[in-house]
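The following dialogue examines selected local features of one model. Please consult the sequence and coordinates shown here.

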Amino acid sequence: MATMYTFKKEERLCNKRLIDKLFSNGSSFLCYPFRVSWLLNSEPQFYPAQILFSVSKKRYKHAVDRNTIKRLMRETYRLNKQQQLYQALQLADKKVLISVGYVGKEIEPYLFFEKKMLKLLNQLSSELAAANVVTS
């Protein structure tokens, strides 16, 4: 299978009903500087994961700072999702909804974001594997 280095509209979590379902029924963990919520989704979706990125308006008053952080998060996710997350989800035939919120205190360089995103995706994969064992 070809490596997908894209991040299309269908991969973004935009549906209000699904977002509410994610935050009310989902599991979460902290992988500093990210707070991650996730939920296995039984509804059909084209991609194995749908994801939402958020940055607190309370902590970052300027939109330019929030947009910079979200851009860094999206880029590191886009480049690492296939190897770290999609392959495991496709093998398990699971679909997942994910929310990643930035809780860090300052804007870090790209390499920091990449290192932490890899850690986050590995932790998410292991939590999904553990959930898969429990539900099977």
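**Backbone and surface features**

Asp93 is found in the loop between α2 (63-92) and β4, where helices (H or I, at least four residues) and strands (E, at least two) are DSSP runs numbered from the N terminus. This is a predicted model, in which local features need pLDDT of at least 70 and side-chain atom pairs count only at pLDDT 80 or more, while totals for chains, interfaces and linings use all residues. Residues are numbered from 1 along each chain as its sequence is written, and side-chain values use heavy atoms, with hydrogens and water left out.

Student: Is Asp93 buried or exposed?

Tutor: Buried means under 20% relative accessible area, exposed over 50%, and partly exposed in between (1.4 Å probe, protein chains only). Asp93 has 65% relative accessibility, so Asp93 counts as exposed.

Student: What is the phi of Asp93?

Tutor: Most residues other than glycine have a negative phi. Asp93 is not glycine, yet its phi is positive, near 55°.

Student: Which residues does a cis peptide bond join?

Tutor: Most peptide bonds are trans. Pro33, in the loop between β1 (27-31) and β2 (34-40), takes part in a cis bond. Omega is about 10° in this bond, which joins Tyr32 and Pro33.

Student: How many disulfides does a search of the whole structure find?

Tutor: A disulfide is a pair of cysteine sulfur atoms within 2.5 Å. Cys14 is partly exposed at 47% relative accessible area, whereas Cys31 is buried at 2% relative accessibility. The number of disulfides found in the whole structure is zero.
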